[in-house]
Amino acid sequence: MEPNYRRCLSCRKIAHKSELWRIVRVHPTGTVELDQGMGRSAYLCPQASCLKTAQRKDRLGRALKASVPESIYQELWNRLAQGEENLVKLEMSSVASHQSKQENASFDDQQAR
């Protein structure tokens with residue numbers, strides 16, 4: 001595997017680590033945190049199916065060799081919901097931009113005639 005690429009512990013997809021969520025069992029305290037700290041890490045795709053499978057089968061707990069608090073899963077679900085909201089906003093702005101370009105093009109065509 002190339003440097004800076006990690007594997008999702010749920011779907012086993014390989015992706016750049018910036019595209020995945022990082023869950024860490026911090027050394028030496030043993031607490032589980034998101035995106036920060038040094039220690040044992042596990043990576044998860046930001047997708048509902050991966051998060052659901054990881055939670056149901058306790059894949060994070062087994063990979064980190066620690067119990068994962070419910071608050072961590074709740075934070076991941078919140079991130080997923082926020083990501084979906086941002087995606088919808090992005091798609092809406094893209095559609096609006098595309099429509100305005102089409103309107104401008106048809107206006108330019110009328111002016112040229």
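Where is the place of Lys-57? Lys-57 sits in the loop between α1 (48-56) and α2 (59-64); helices here are DSSP runs (H or I, at least four residues), numbered from the N terminus. The model is predicted, so local features need pLDDT of at least 70 and side-chain atom pairs count only at pLDDT 80 or more, while totals for chains, interfaces and linings use all residues. Residues are numbered from 1 along each chain as its sequence is written, and side-chain values use heavy atoms, with hydrogens and water left out.

Lys-57 counts as partly exposed because its relative accessibility is 40%; buried means under 20% relative accessible area, exposed over 50%, and partly exposed in between (1.4 Å probe, protein chains only).

In α1, the buried residues are Cys-50, Leu-51, Thr-53 and Ala-54. These residues lie on the same side of α1 because they cover an arc of only 165 degrees around the axis, the arc being that of the directions from the helix axis to the C-beta atoms. The exposed residues Lys-52 and Arg-56 are on the face of α1 turned away from its buried side. After α1 comes Asp-58, with a positive phi near 55 degrees.

Lys-52 and Arg-56, together with Lys-57 and Arg-62, form a positive surface patch. Patches are made of residues with over 30% relative accessible area and no salt bridge, with like charges joined within 9 Å. A salt bridge is a side-chain nitrogen of Lys or Arg within 4 Å of a carboxyl oxygen of Asp or Glu.

Helix α2 holds Leu-60, which is buried, with a relative accessible area of 0%. The C-alpha atoms of Leu-60 and Val-24 are separated by 9.5 Å, and the two residues are 36 residues apart along the chain.

Methods:
Patches are made of residues with over 30% relative accessible area and no salt bridge: like charges are joined within 9 Å, nonpolar side chains (Val, Leu, Ile, Met, Phe, Trp, Tyr) within 5 Å. Accessible areas come from the Shrake-Rupley method with a 1.4 Å probe; for residues, only the protein chains shown count as cover. Lys and Arg count as positive and Asp and Glu as negative; His and the chain ends are not counted. The place of a charge is taken as NZ of Lys, CZ of Arg, CG of Asp or CD of Glu. Helices (H or I, at least four residues) and strands (E, at least two) are DSSP runs, numbered from the N terminus.
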